[in-house]
Amino acid sequence: MPDSIAEIKELLNARVGQKVMVKVQAGRKRVNTLHGTLSKTYPAIFIIHLNNSEDDLQRVSYTYTDLLTHNVSLAFE
């Protein structure tokens, strides 16, 4: 991933609508993996619509800072 929030925003803006795999740090040794589509980007957050909603989650949102601090990682498919 890029090294600044501005670069992350540009990268995600160019990939809106693409399928993505999201890995989220959920604790000390827990990682949640989600599959979905990058649907929208906003000035402070981006939204991912999930393909399989197991826990009644239809969409999730994360900040660009989450990517910068490696709390969330994205892999485009």
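Leu-74 touches Leu-12, Val-20, Met-21, Val-22, Phe-46, Ile-48 and Leu-67, leaving aside residues up to four places away in sequence; contact means heavy atoms within 4.5 Å. This is a predicted model: local features need pLDDT of at least 70, side-chain atom pairs count only at pLDDT 80 or more, and totals for chains, interfaces and linings use all residues. Residues are numbered from 1 along each chain as its sequence is written, and side-chain values use heavy atoms, without hydrogens and water.

**Core**
- The largest nonpolar core has 15 residues. Such a core is a set of buried Ala, Val, Leu, Ile, Met, Phe, Trp, Tyr and Cys residues joined through side-chain atoms within 4.5 Å.
- Buried means under 20% relative accessible area, exposed over 50%, partly exposed in between (1.4 Å probe, protein chains only).
- Leu-12, Val-22, Phe-46, Ile-48 and Leu-74 have the most contacts inside this core.

**Sheet**
- The order of the open sheet of 5 strands is β4-β3-β2-β1-β5, with antiparallel pairing. Strands (E, at least two residues) and helices (H or I, at least four) are DSSP runs, numbered from the N terminus.
- β4 and β5 are the edge strands, each pairing on one side only. Two strands pair if DSSP finds at least two bridges between them.
- β1 and β2 (residues 31–41) run antiparallel, joined by 7 bridges.
- Val-24 has Asn-32 in β2 as its bridge partner.

**Asp-66 and His-70**
- Asp-66 sits in helix α2 (residues 64–68). Asp-66 touches Asn-71 and Val-72, not counting residues up to four places away in sequence.
- His-70 lies in the loop between α2 and β5 (72–76). His-70 counts as exposed because its relative accessibility is 60%.
- Phi of His-70 is near 65 degrees, a positive value in a residue other than glycine.
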